[in-house]
Structure formats: structure tokens, C-alpha cells
Amino acid sequence: MDRQIQRILVQPLDGAVIRLEGHTDARGTEKYNAALSTARAEAVRDALVRAGMPAERIVMVAAGEADSTAPEQDGEGMALERRVKLEIVSPDESSRVALQSAE
């Protein structure tokens with residue numbers, strides 16, 4: 001990625017923390033879904049790091065199937081549950097987010 005584009009992406013986030021929360025649908029075991037939601041969050045983290053975001057300012061949470069509500073027969077609903085939620089937290093709130101994610 002061009003360095004100028006990297007600066008544009010990262011500079012406005014100076015000091016902020018990015019919280020990534022990986023999710024899955026309800027299919028599969030809890031153990032499998034926990035690993036899958038972690039892998040999803042890691043893939044987004046890796047892309048952000050390649051774009052220039054410092055890895056130490058990225059916090060990851062694996063939610064697995066915990067928030068899954070779509071019935072198994074609802075293919076479109078289940079597809080929407082396979083996601084990574086990204087939250088940008090201001091520098092003032094970053095220590096709170098780091099503590100919450102460590103719990």
C-alpha cells in the first residue's frame with residue numbers, strides 16, 4: 001500500500017484503540033466457533049497492521065456464537081452473523097477498553 005494512503009488511514013486515529021469483535025453463526029461446536037471468531041478478528045487485525053496501524057493499539061475479542069439469533073433455516077440471517085465488529089475508541093476511553101477485553 002502506498003505510504004501516503006497509509007498515513008491518511010492511520011493519522012486520524014492517532015492514539016485511538018481499535019476493538020475487533022469476531023462473531024460466528026450458531027452452527028458448529030462452541031469450541032470451533034470460538035476459534036473461528038478469533039481467526040476472523042485476527043484476519044482484520046492483520047489487514048489493519050499491514051495498512052500501518054500499530055498492533056499494540058488493536059484489541060481483539062472472540063464472541064463466537066454468543067450473539068447468534070438467526071434460526072438455522074435462515075441462511076441469509078446466519079450469513080449476517082459471520083462478521084467482525086470494529087469499534088474505534090478514543091484515547092480517553094482506550095484504557096477502559098483494554099481492561100474490558102482482558103477480562
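Let's start with the right-handed β-α-β unit, which is made by β1, helix α2 (residues 30-50) and β2. Right-handed here means that, with the strands pointing away from the viewer, the path from the first strand over the helix to the second runs clockwise. The helices are DSSP runs of H or I with at least four residues, the strands are runs of E with at least two, and both are numbered from the N terminus.

A quick word on the source. This is a predicted model, where local features need pLDDT of at least 70 and side-chain atom pairs count only at pLDDT 80 or more, while totals for chains, interfaces and linings use all residues. Residues are numbered from 1 along each chain as its sequence is written, and side-chain values use heavy atoms, with hydrogens and water left out.

Now look at β1, residues 17-23. How many of its residues are buried? The count is 7 of 7, where buried means under 20% relative accessible area, exposed means over 50%, and partly exposed lies in between, with a 1.4 Å probe and protein chains only. In a regular strand, side chains alternate between the two faces of the sheet. In β1, Val 17, Arg 19, Glu 21 and His 23 point one way, and Ile 18, Leu 20 and Gly 22 point the other way.

And the neighbours? Two strands pair if DSSP finds at least two bridges between them. β1 runs parallel to β2 (residues 58-64), joined by 6 bridges, and pairs with β3 (residues 84-89) in the antiparallel sense, also over 6 bridges.

On to the charged side chains. A salt bridge here is a side-chain nitrogen of Lys or Arg within 4 Å of a carboxyl oxygen of Asp or Glu, and by that rule there are 4. Which residue forms a salt bridge with Arg 27? That residue is Asp 25, with the closest N and O atoms 2.9 Å apart. Asp 25 counts as buried because its relative accessibility is 4%, while Arg 27, at 42%, counts as partly exposed.

Asp 25 also meets Arg 82 in a salt bridge, at 2.5 Å from N to O. That pair links distant parts of the chain, 57 residues apart: Asp 25 is in the loop between β1 and α2, and Arg 82 is in the loop between α3 (75-81) and β3. Arg 82 has 33% relative accessibility, so this residue counts as partly exposed.

One more pair: Asp 46 forms a salt bridge with Arg 45, their closest N and O atoms being 3.0 Å apart. And to tie things up, shared partners join Asp 25, Arg 27 and Arg 82 into one salt-bridge network.
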